[in-house]
Amino acid sequence: MAEKKVGGAGLRGQVAGKTALSTVGVSGSGLTYRGYDVKDLAENCEFEEVAYLIFYGELPTRAQLADYKGVLKGMRGLPQALKEVLERIPADAHPMDVMRTGCSMLGNLEGEESFDQQQDRANRLLAAFPSIICYWYRFSHDGVRIETETDDDSIGGHFLHMLRDEKPNALHEQVMNVSLILYAEHEFNASTFTARVCASTLSDLFSCITGAIGSLRGPLHGGANEAAMELIERFSSADEAEKELLGMLERKEKIMGFGHAVYTESDPRNAIIKQWSEKLAADVGDDVLYPVSVRCEEVMWREKKLFCNADFFHASAYHFMGIPTKLFTPIFVMSRVTGWAAHVFEQRADNRIIRPSAEYTGPELRKVVPIAERG
Ligand SMILES: CC(=O)SCCNC(=O)CCNC(=O)[C@H](O)C(C)(C)COP(=O)(O)OP(=O)(O)OC[C@H]1O[C@@H](n2cnc3c(N)ncnc32)[C@H](O)[C@@H]1OP(=O)(O)O
Ligand SMILES: O=C([O-])CC(=O)C(=O)O
């Protein structure tokens with residue numbers, strides 16, 4: 001991949017503030033959360049430990065983790081008014097729109113009245129997002145009103161249990177756990193920056209997170225995991241994938257799930273989720289989707305020096321677990337709400353309203369011609 005152009009369009013490479021939460025693309029270790037390598041966290045931690053780390057600054061002790069999980073478990077239920085709103089959203093709505101509405105509606109019912117409540121409200125969102133998406137999905141698609149207050153030990157397990165009406169096996173719960181860790185935090189990406197801009201006006205947490213969901217929805221950001229799935233499922237063999245991909249590159253089409261605004265040679269999250277995708281492929285006996293994905297990776301690197309970002313192998317991994325494609329990006333929300341909220345807290349702790357300037361490119365100063373004289 002060519003050297004990244006800094007400055008100019010997209011503010012690439014510009015420092016727009018400070019954070020103690022994560023580093024992205026710093027040499028040596030591609031991605032760290034509060035000083036820990038994401039690979040280390042994905043190998044050794046549960047997602048709830050990482051959420052605790054992001055919020056409170058240190059990994060929890062066993063007792064702290066048990067307490068924290070207890071707090072989150074106690075927050076899985078949805079108020080009746082929110083359930084009624086979710087029941088009115090049609091089955092063909094985009095699930096990211098459901099997440100956005102669910103977040104906003106919860107803000108109407110249990111809003112943040114003072115910043116002293118910020119951690120409690122962030123925990124509430126972290127606990128409630130899986131319930132929100134599954135309640136809507138199961139009502140609109142299966143006509144059932146599910147119980148969201150399950151006793152599942154983990155957020156990933158809670159999500160899969162509600163989605164499929166049965167407790168997940170250990171492999172699926174572990175992959176969800178890793179996936180949620182990989183997506184949790186990523187410095188000043190577009191959705192987090194959205195949240196921080198909103199926070200800088202001293203707005204409430206629900207507004208910050210609702211705005212961030214809107215930014216994550218686009219295919220150039222979180223929506224790329226769904227777009228990657230739509231791409232790979234078009235191919236019935238690795239050879240067909242190679243042929244079609246070469247045509248797409250020739251036509252200068254964008255291939256979703258490749259490239260990155262900061263990383264220049266690889267996304268450290270890719271190797272991790274790729275490994276799990278391979279395990280899941282073996283588990284389901286897949287001999288198409290995984291080889292197709294691997295060939296796409298090889299072709300993109302060989303032809304363009306473009307590498308898979310976090311989203312590409314998430315597509316096949318989620319698919320192998322039977323998760324409908326349109327629910328892929330909402331899973332990203334279920335995880336990234338930790339990073340978003342922690343950035344909101346950081347912004348509030350040392351705030352100045354974010355208000356950059358624009359280079360003006362419009363007409364010179366001119367006089368208004370009264371409408372009667374404009375012809
Ligand atoms: C979790 C996440 O949000 S990760 C990002 C998810 N998004 C995607 O996967 C969408 C596909 N990828 C992209 O659109 C881009 O790579 C982005 C948005 C991630 C980064 O954008 P930028 O930083 O502007 O890209 P960058 O400057 O590296 O692009 C360099 C060149 O490679 C091309 N390029 C970059 N990514 C791709 C791609 N996926 N497919 C084809 N060409 C690409 C660009 O068009 C550009 O070509 P040009 O110089 O002829 O215009
Ligand atoms: O950092 C970015 O621009 C996008 C990304 O990978 C993320 O938010 O996880």
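Reader: Which residue has its backbone oxygen 2.8 Å from a polar atom of the side chain of serine 200?

Author: This is a predicted model, in which local features need pLDDT of at least 70, side-chain atom pairs count only at pLDDT 80 or more, and totals for chains, interfaces and linings use all residues. Residues are numbered from 1 along each chain as its sequence is written, chains are lettered from A and ligands numbered from 1 in the order in which they are written, and side-chain values use heavy atoms, with hydrogens and water left out. Serine 200 sits in the loop between helix H9 (190-199) and helix H10 (205-216), where helices (H or I, at least four residues) and strands (E, at least two) are DSSP runs numbered from the N terminus. A polar atom of the serine 200 side chain is 2.8 Å from a backbone oxygen, and that oxygen belongs to valine 197.

Reader: Is serine 200 buried or exposed?

Author: The side chain of serine 200 also has a polar atom 2.9 Å from the backbone nitrogen of isoleucine 354. With neighbours within four places in sequence left aside, serine 200 is in contact (heavy atoms within 4.5 Å) with Gln347, Asn351, Arg352, Ile353 and Ile354. The scale calls a residue buried under 20% relative accessible area, exposed over 50% and partly exposed in between, using a 1.4 Å probe and protein chains only. Because its relative accessible area is 3%, serine 200 is buried.

Reader: What relative accessibility does histidine 158 have?

Author: Histidine 158 belongs to helix H7 (residues 155-164). Not counting residues up to four places away in sequence, histidine 158 touches Arg76, Ala127, Pro130, Ser131, Thr148, Thr150 and Asp152. Histidine 158 therefore counts as buried, its relative accessibility being 1%.

Reader: How far apart are the centres of domain 1 and domain 2?

Author: The chain is divided into domain 1 (22-223 + 324-349) and domain 2 (224-321), with bounds that come from an automatic or database domain assignment. Their contact takes 33 residues from domain 1 and 26 residues from domain 2. Taken over C-alpha atoms, the separation of the two centres is 25 Å.

Reader: Which residues of domain 1 lose the most area to domain 2?

Author: Buried area is the accessible area (1.4 Å probe) that two parts lose on being put together, summed over both. Between domain 1 and domain 2 it is about 2,400 Å², and carbon and sulfur atoms give 67% of this. Together accounting for 25% of what the side of domain 1 buries, the residues that lose the most area are Leu182, Tyr183 and Phe328.

Reader: Which helix gives the most to the side of domain 1 that touches domain 2?

Author: Between domain 1 and domain 2 there are 17 residue pairs in polar contact, both residues at pLDDT 80 or more; such a contact is a pair of N or O atoms within 3.5 Å, and within protein one must be able to donate a hydrogen and the other to accept it, while residues adjacent in sequence count only if both atoms are side-chain atoms. Helix H1 (38-44), helix H8 (170-183) and helix H16 (328-349) each supply at least two residues of the side of domain 1 that touches domain 2. The helix that gives the most to that side, with nine residues, is H8.

Reader: With which residue does arginine 217 form a salt bridge?

Author: A salt bridge is a side-chain nitrogen of Lys or Arg within 4 Å of a carboxyl oxygen of Asp or Glu, and a search of the whole structure finds 22 of them. Arginine 217, which counts as partly exposed because its relative accessibility is 32%, has its closest N and O atoms 2.7 Å apart in the salt bridge with aspartate 97. The pair links distant parts of the chain, 120 residues apart, with arginine 217 in the loop between H10 and helix H11 (224-232), and, in helix H5 (residues 95-109), aspartate 97.

Reader: What is the distance of the polar contact between the side chains of histidine 94 and glutamate 226?

Author: Histidine 94 has its place in the loop between helix H4 (80-87) and H5. With neighbours within four places in sequence left aside, histidine 94 is in contact with Arg217 and Glu226. The side chains of histidine 94 and glutamate 226 make a polar contact at 3.4 Å.
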